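Visitor: I am new to this structure and would like to see it before asking about its parts. Please show it, and then we can go through it in turn.

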2 protein chains.
Amino acid sequence: MTQANATIRQDAVNIGTYVRELGLSARAAARTMARAGTQEKNQALRATADLIIARRTFLKDENTRDLEVGAAKGLGGALLDRLELTDARIDAMAEGLRHIESLPDLIGEITSMKFRPSGIQVGQMRVPLGVVGIIYESRPNVTADAAGLCIKSGNAAILRGGSEAIRSNLAIAGCIARGLEESGLPESSVQVASITDRAVVGGLLTSAEHIDVIIPRGGKGLIERVSKESMIPVIKHLDGVCHVFIDEQADPGKAISIAYNAKTQRYGTCNTLETLLIAELIAPEVLPRLCGMYRQAGVELRGCAATRALCQGVGTARESDWSTEYLGPLLSIRIVTGLDEAMDHIENYGSHHTDAIVTENFSSARRFLREVDSSSVMVNVSTRLADGFEYGLGAEIGISTDKLHARGPVGLEGLTTQKYIVTGEGQIRT
Amino acid sequence: MTQANATIRQDAVNIGTYVRELGLSARAAARTMARAGTQEKNQALRATADLIIARRTFLKDENTRDLEVGAAKGLGGALLDRLELTDARIDAMAEGLRHIESLPDLIGEITSMKFRPSGIQVGQMRVPLGVVGIIYESRPNVTADAAGLCIKSGNAAILRGGSEAIRSNLAIAGCIARGLEESGLPESSVQVASITDRAVVGGLLTSAEHIDVIIPRGGKGLIERVSKESMIPVIKHLDGVCHVFIDEQADPGKAISIAYNAKTQRYGTCNTLETLLIAELIAPEVLPRLCGMYRQAGVELRGCAATRALCQGVGTARESDWSTEYLGPLLSIRIVTGLDEAMDHIENYGSHHTDAIVTENFSSARRFLREVDSSSVMVNVSTRLADGFEYGLGAEIGISTDKLHARGPVGLEGLTTQKYIVTGEGQIRT
């Protein structure tokens with residue numbers, strides 16, 4: 001069994017030349033991938049999944065070397081944990097690829113062919129974006145996930161993972177290359193950068209001729225750098241300063257359950273609640289109990305004056321708290337007069353990611369849905385449900401906080417575009 | 001009748017402060033516009049159209065001053081012609097606004113609300129992009145057209161036209177402001193920059209906080225500058241190196257009619273034919289006659305060796321001809337072996353704008369539609385029909401050669417996005 005690609009390049013290669021070669025190979029492969037049939041793409045996904053399981057020991061060995069190098073370099077425990085390829089994570093990678101195999105192929109779908117007065121018929125065909133560049137951090141499973149989504153959507157991909165995961169990523173890349181080859185698809189449809197030099201990232205971000213879209217996956221620092229430097233359109237995911245607003249006509253049971261779940265089910269995710277807004281009329285009934293639950297869960301609370309007057313053990317929220325994504329066991333709380341003040345707060349301090357109202361009042365729900373300008377707007381649902389799988393997208397390459405192209409959870413469709421197709425019988429313009 | 005806004009600001013204002021004020025006002029107005037009802041928006045369009053007609057004399061006086069200043073500055077005849085507001089052009093502006101009034105309002109439309117296994121219901125709602133920045137050149141009618149499309153799609157707009165049209169643009173802006181005001185919508189929903197300093201453009205392109213998308217309309221130089229400098233997503237329109245491929249199984253009559261129309265119906269447009277490809281088996285039958293027609297129309301022809309051997313009066317096409325957008329009475333011609341070579345040529349030299357095949361062979365048509373990666377791909381239709389009105393979009397803010405967000409002719413939908421909406425009855429994540 002070959003372990004193709006599985007070597008870190010350490011020769012004194014010119015970075016510009018290297019990135020250009022990646023780009024040219026990807027562009028050539030993209031043309032073949034765009035024409036590939038569903039069967040070939042599915043076979044490549046299946047073969048890669050099989051190889052990941054078959055090469056389990058090799059993957060773990062390579063991963064162990066990454067972990068050793070990382071530990072020697074003094075990487076923290078959390079980072080090493082994210083880097084580790086456990087048996088469960090290897091199984092999950094293979095499972096993920098088989099799941100992508102099971103999703104419908106969107107490519108080539110023709111929609112709404114309509115006759116026009118001139119006699120031409122006009123519609124749209126769904127096609128791949130072309131070459132997708134993905135820049136990500138230490139979790140090696142992103143290599144398999146991202147490659148799988150790009151293969152299924154008929155794109156070529158250039159993947160640039162973190163240097164600390166280079167051996168793990170290249171070992172996974174070897175499985176993908178072999179899986180593509182076995183299915184008659186170009187190996188270079190998925191290329192993992194084998195040079196860890198940071199200049200490769202800069203090179204990719206300026207390869208507008210060869211790359212159609214850049215998707216960064218990782219922490220805020222990475223995403224900000226990519227957004228700033230990229231000459232290529234970026235599908236990006238910035239802050240998630242998410243709100244739950246408990247309306248005065250909320251069902252108290254639902255309100256408590258949703259507000260508690262949205263904050264405590266997981267702290268570090270982008271759809272986690274960061275600021276709780278509550279109408280003054282319902283606050284005395286709901287807030288003291290909710291604050292007690294939060295405190296018991298170890299959540300530090302920071303509130304407005306009215307909140308502090310009503311509940312014990314709540315610190316003072318400063319202006320900056322309202323726009324902070326804590327990503328941890330902290331919550332800011334503000335009592336508002338009602339719906340309008342809540343929506344003003346969300347507009348002024350929120351990040352347009354995910355915001356929910358809890359209410360039984362139909363008109364309040366309707367106004368909230370219409371007027372709140374966020375990628376996900378919810379009624380009587382925990383913000384933690386803002387997720388590609390929960391939404392039925394089948395898979396998720398990320399969540400977009402952009403407004404153009406893809407907004408909110410991005411699945412396979414976000415990796416495609418539509419071209420116009422026009423048929424006729426000799427129509428000309430007069 | 002007030003002529004609001006209709007003054008060029010010449011006070012020593014700080015450009016940064018000025019652009020920031022435009023941005024803040026637009027952002028505030030955008031929130032109101034997003035909630036505006038169809039009736040208010042339509043009333044604003046109607047009122048503006050009426051005012052443009054009522055203020056005809058004023059518009060023409062202001063335009064005359066622009067023309068005088070332009071002539072004194074030595075502007076060329078073509079530029080002055082584009083700048084002129086004739087009675088017909090004033091009528092067309094009003095007509096255009098009434099047409100936009102007649103189009104359906106897309107805002108608020110909810111699609112595909114689906115129940116998920118968790119019990120939540122997930123769908124998407126169409127919403128405005130927010131603030132649209134439009135940077136354009138000398139035609140003052142763009143002011144009315146762009147404003148109309150932005151109003152109908154619930155966006156706020158910042159318009160920056162050419163300095164040579166400043167008085168005309170501000171006079172039109174006065175009509176729009178009054179039309180908005182009469183309809184109860186914020187006047188600052190449409191702002192025309194009243195400072196002609198070029199630094200205003202630079203300022204707008206870096207106002208990522210206040211502007212959601214930039215649409216440049218004008219020549220190549222403008223679009224390249226905007227694409228390069230913008231920190232904001234750009235819906236842009238680059239080259240149109242468009243092809244017609246006459247397949248060996250083409251109907252000769254359709255082939256000649258389409259290839260002639262695609263080149264000669266209008267020379268300066270982006271969907272005009274620039275390179276004719278023709279299969280070697282049909283070339284002897286079709287090409288000499290077609291070349292004769294082109295020559296009679298005054299089109300200079302540049303061909304490959306085989307073309308020159310077959311037809312008289314054809315110059316030599318150089319490598320650079322294949323990738324040149326002539327925008328004039330010039331055409332390059334190449335004889336190819338068949339479909340594959342034609343598609344390779346289009347991939348290598350084309351600009352992915354609009355490409356057509358002429359054929360009666362079903363499988364060739366099917367392959368061309370699937371495999372050619374252009375914003376419009378056509379069978380037996382003149383490339384000149386690639387147009388928002390011909391496609392039934394109702395109106396066109398431009399043609400996008402980008403792949404993300406909007407590809408091909410961009411109508412009202414291209415000025416909108418979709419947010420997820422999620423409803424439930426207390427669902428949380430477990």
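Visitor: Which residue of strand 13 of chain B stands opposite V422(A)?

Guide: This is a predicted model, in which local features need pLDDT of at least 70, side-chain atom pairs count only at pLDDT 80 or more, and totals for chains, interfaces and linings use all residues. Residues are numbered from 1 along each chain as its sequence is written, while chains are lettered from A and ligands numbered from 1 in the order in which they are written. Strand 16 of chain A and strand 13 (residues 376-381) of chain B pair in the parallel sense over 5 bridges (helices, H or I of at least four residues, and strands, E of at least two, are DSSP runs numbered from the N terminus; two strands pair if DSSP finds at least two bridges between them). In that strand of chain B, the residue opposite V422(A) is M378(B).

Visitor: Which element gives the largest share of the side of chain A that touches chain B?

Guide: The contact takes 58 residues from chain A and 58 residues from chain B (residues are in contact if their C-beta atoms, placed from the backbone, lie within 7 Å). Elements giving two or more residues to the chain A side include helix 1 (15-35), helix 10 (252-264) and strand 16 (416-427) of chain A. The largest share, 11 residues, comes from strand 16 of chain A.

Visitor: How do the residues of that side of chain A divide by class?

Guide: Ala, Val, Leu, Ile, Met, Phe, Trp, Tyr, Cys and Pro count as nonpolar, Asp, Glu, Lys and Arg as charged, and the others, Gly among them, as polar. On the side of chain A that touches chain B, the residues divide into 21 nonpolar, 20 polar and 17 charged.

Visitor: Which strands stand at the edges of the sheet of 10 strands?

Guide: This open sheet has mixed pairing and runs in the order 1(A)-2(A)-16(A)-13(B)-12(B)-7(B)-8(B)-11(B)-9(B)-10(B). Each edge strand pairs on one side only; they are strand 1 (110-115) of chain A and strand 10 (315-316) of chain B.

Visitor: What is the bridge partner of R126(A) in strand 16 of chain A?

Guide: Strand 2 of chain A and strand 16 of chain A are joined by 8 bridges and run antiparallel. In strand 16 of chain A, R126(A) has as its bridge partner Q418(A).

Visitor: What is the bridge partner of G133(A) in strand 6 of chain A?

Guide: Strand 3 (residues 131-136) of chain A pairs with strand 6 of chain A in the parallel sense, over 5 bridges. The bridge partner of G133(A) in strand 6 of chain A is I214(A).

Visitor: Are helix 3 and helix 7 of chain B roughly parallel or roughly antiparallel to each other?

Guide: The axes of helix 3 (residues 56-72) and helix 7 (residues 166-182) of chain B come within 7 Å and cross at roughly 160° (axes are lines fitted to C-alpha atoms, for helices over the stretch in contact, and angles run from 0 to 180 degrees between N-to-C directions). Angles under 35 degrees count as roughly parallel, over 145 as roughly antiparallel, 65 to 115 as roughly perpendicular and the rest as oblique. Helix 3 and helix 7 of chain B are therefore roughly antiparallel.

Visitor: How do helix 5 and helix 6 of chain A run relative to each other?

Guide: Helix 5 (residues 87-102) and helix 6 (residues 141-152) of chain A have axes 9 Å apart and pack at an angle of about 10°. Helix 5 and helix 6 of chain A are therefore roughly parallel.

Methods: Contact = placed C-beta atoms within 7 Å.
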